[in-house]
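User: I would like to go through some of the labels given to this model and see what each rests on.

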Amino acid sequence: EYCEWSVERDPETDKITRVTFTCEGPEYWRFLANTAPNKALELYQEFVSPDVRLEDLFAPNGVYIARNQWNDSAVNGVMHLIQRNNTLSAEIELAAGASVVREIVGRVLTNEDELIRCGLYGGFERHSDPHIGAVVNSLTRQKADVTLANPVGLYFNDLNVAGWQTPDGSDAKSFWHYVRGTDEFPVRAVYEVPPEAGFVVGDIKINGREIFYAAQIADKISIKLVGVATRIGQSTVAAMTDCRKELEQPSADPGELSVEDYLFEDFGRNDRR
């Protein structure tokens, strides 16, 4: 979750040669594109393709198209997140909702699944949300005030290569590189074997199976948000004694969707998570 990618393959063997991953939120790109369109174009040309043109990124009325032709599939490039749950607002909701201490029938909740089902701050079926929420909640249970660290966002944390085997015995993690963001807050990564190695990504095995899908790599990537706790032991906020009630969401006719709703809706596209 909170990670999307684009795959490049050898046209003759169909083996993966390069995978580009991003965890960069769409909100930043909407703001950047609509305030500095030429800078957005420059970054697309640098990181996705020199063939990107301004008209590829913007509607006739000048509004940025998040799901443009260079950022709408797993094979034609990737600039930033577009899956509707992979947003900055979802991260903030997750962290904020998880910060509430809940004491139900005299028992303080600490279990990941119990916390997220009671707090309704994310998807309990996801791998990321329950764990992130439990970590945030562990801080507030220490009577601390918590917030998200600047810069607020989701970032790559690590790539776990335990169980990976390369044809020449080299370190599989040496082919993992961050190419955008900072060392502490990376938002774009590439997995690619240099040509001189004599093999490609598709020749590397994970637990005995050759990498044929980028999702095999994505399964080994961890994503982080960074929380900050202060005044530990001093918070006077009382624990909530009931669970959050789920609001009924009105069903929207497709004709009533806003432009942004349409751009971020999944109309038949395979989920790129």
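User: Where is Arg126 found, and why does Arg126 count as buried?

Analyst: Arg126 is found in the loop between α5 (112–119) and α6 (128–140), where helices are DSSP runs of H or I with at least four residues and strands are runs of E with at least two, numbered from the N terminus. Buried means under 20% relative accessible area, exposed over 50% and partly exposed in between, with a 1.4 Å probe and protein chains only; Arg126 has 7% relative accessibility and therefore counts as buried. This is a predicted model, in which local features need pLDDT of at least 70, side-chain atom pairs count only at pLDDT 80 or more, and totals for chains, interfaces and linings use all residues. Residues are numbered from 1 along each chain as its sequence is written, and side-chain values use heavy atoms, leaving out hydrogens and water.

User: What puts the buried residues of α5 on the same side?

Analyst: In α5, Leu115, Ile116, Cys118 and Gly119 are buried. They cover an arc of only 165 degrees around the axis, so they lie on the same side of α5, the arc being that of the directions from the helix axis to the C-beta atoms.

User: What makes Asn111 a cap of α5?

Analyst: A side-chain oxygen of Asn111 lies 2.9 Å from the backbone nitrogen of Asp113, at the N-terminal end of α5; a polar contact is a pair of N or O atoms within 3.5 Å, and within protein one must be able to donate a hydrogen and the other to accept it, while residues adjacent in sequence count only if both atoms are side-chain atoms.

User: Which residues of α2 are buried, and which are exposed on the face turned away?

Analyst: In α2 (residues 37–47), Ala40, Leu41, Leu43, Tyr44 and Phe47 are buried, whereas the face turned away from the buried side carries the exposed residues Asn38 and Glu46.
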